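Have the model open as you read.

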Amino acid sequence: MLRGPHIRGVPTGKVRYDNLKAAVSAVLGFTRARTESARWTAFREHYGVEAFYCQPGIKGAHEKGGVEGDIGWFRRNHLVPIPEVGSLDELNEMIDCWDEADEGRRIGARARTVGEYFAIERPLLRMVSQEPFETGLLLPVRVDRYSQITVRTNRYSVPARFIGRQLRVMLRASRLIVYDGQQVVAEHDRLFAKGGRRLELDHYLEVLIRKPGALPGATALEQARAAGRFTPVHDTWWAAACKAHGDRDGTRALIEVLLLARHIPTEHLVTGLAAALRVGALTADAVALEARKAAEEDEQAAPEPAQHDNHEATVTFLTERRLAQLPRDTRPLPSVTAYDQLLKRARPPGERPAQGETP
C-alpha cells in the first residue's frame, strides 16, 4: 500500500515483493511458491493486495532490479548521512516531506515529472478500506514480582498493582501497549536490543512511598533523569527536603510530589517546585498549591475565543416551545374554600364528646 501525505490507495494489479522475512516464512524451492506468515496473509486479505514474489536465483535477478534501484536512490539522497531523530514518528514525518518534494523531480530526460506520471496512475488505485488493519501482535504476559513483563527478551514495567496478574500486550513495530481487559495500563517505546529494560518511575511510586530508601539507586529514577522527566529542579527540591526533614521524610515528600504528576501537568508541577523552593516550602501541599497557581495563570493568559457578531446558536427546549404556542390561560386560580365544611367543629374548652362521637 502506498503511504504519504497525499497518496492513499491500493494497487489493483500484482505487487512485486522480494523474500521479505516479515511476510515469507519459507521459500519453496526455486519457484515463486511461498509459505506466508499468518499476519501477512491477513494483511493482504484486508486490503486486497495480490503479491508477486521474485524468483530466487539467477533467473529472477532481473525482476527486483527496479525496486532495489529506486530504494538505493532514496537511501543515498536522504538517508546518507543517517538522520538524527528522536522517534520513529519524527522519521516518518521527514520521509513524508521528502516524498512530497520528490513529486517535482524529473527522472533523466523524461517528459513529465514524478508527480505528473503518478497523476495518470492515481485513478487506477483502489480506495483504502476505512477500517484500519491492526499490524500489532497480541501476546499474553504475566507480571512478575518486580512489576515487570517480559516481551521478546526485553523487560517493561507496569503499575505495581498488577503484580502477579495476567495481562495482554499489543506488540507493534515501534510501540508496546499493555492492556488489562479493555483498559490501557501502560505504554512503552519498543526496545530492539536484547536484554534491555524500560522502566517507568510512576509505576513504582506506591511501593516507594512505603520504602523511600529504595528510590536513590532505582533504575527507574536513572531512566527518568535520562528522559528529562526528572529534572534538576526535582533534584534540588529533593536535596533541600532531605536537609530539612531527613532522608526518609524528605524522600517521601518527593514521592508525594511525583504522585501529583498524575493530575497536574509536568510543566506546572516543575513551576510549583521552583516557586516552593524559593520560599522554602518543602512540602507536597505547598508544591501542589503553587502548581495550581501556575495553571490558573496560564488559563488567564490564554487568549479568549473571538466573538463573532453573527447570531450565535441557541438551544430551545421542546417543553418551552410547546408552552409558547399554547393560548393564554384566563381561568381563575383554584380554591379550597368549598372543603372547609368538611372540617370538624371546634369544641369549647372542657366540653366532652357525646357518646358514640369520635373524640
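Q: In which hand does α9 pass α10, left-handed or right-handed?
A: This is a predicted model, where local features need pLDDT of at least 70, side-chain atom pairs count only at pLDDT 80 or more, and totals for chains, interfaces and linings use all residues. Residues are numbered from 1 along each chain as its sequence is written, and side-chain values use heavy atoms, with hydrogens and water left out. A crossing is left-handed if the near helix is turned anticlockwise from the far one by less than a right angle, and right-handed if clockwise. For α9 passing α10, the crossing is right-handed.

Q: Why is α9 called oblique to α10?
A: Helix α9 (residues 266-279) and helix α10 (residues 284-301) have axes 7 Å apart and pack at an angle of about 125°. Angles under 35 degrees count as roughly parallel, over 145 as roughly antiparallel, 65 to 115 as roughly perpendicular and the rest as oblique. The packing angle is about 125°, and that makes α9 to α10 oblique.

Q: How many residues of the contact of α9 with α10 are nonpolar?
A: Contact means heavy atoms within 4.5 Å. On the α9 side the contact includes His-268, Leu-269 and Gly-272, and on the α10 side Val-287, Glu-290 and Asp-298 are among the residues. Besides three polar and two charged residues, the nonpolar ones number eight.

Q: Which residue forms a salt bridge with Arg-262?
A: A salt bridge is a side-chain nitrogen of Lys or Arg within 4 Å of a carboxyl oxygen of Asp or Glu. Arg-262 sits in the loop between α8 (247-260) and α9, and its partner lies 56 residues apart from it, in helix α5 (residues 205-208). The closest N and O atoms are 2.6 Å apart, and the partner is Glu-206.

Q: Is Asp-102 buried or exposed?
A: Asp-102 and Arg-105 meet through their side chains in a salt bridge (2.5 Å, N to O). Buried means under 20% relative accessible area, exposed over 50%, and partly exposed in between (1.4 Å probe, protein chains only). Arg-105, at 22%, is partly exposed. With a relative accessible area of 16%, Asp-102 is buried.

How values were computed:
Axes fitted to C-alpha atoms, helices over the stretch in contact; angles between N-to-C directions. Helix = DSSP H or I, 4+ residues; strand = E, 2+ residues; numbered from the N terminus. Nonpolar A, V, L, I, M, F, W, Y, C, P; charged D, E, K, R; others polar.
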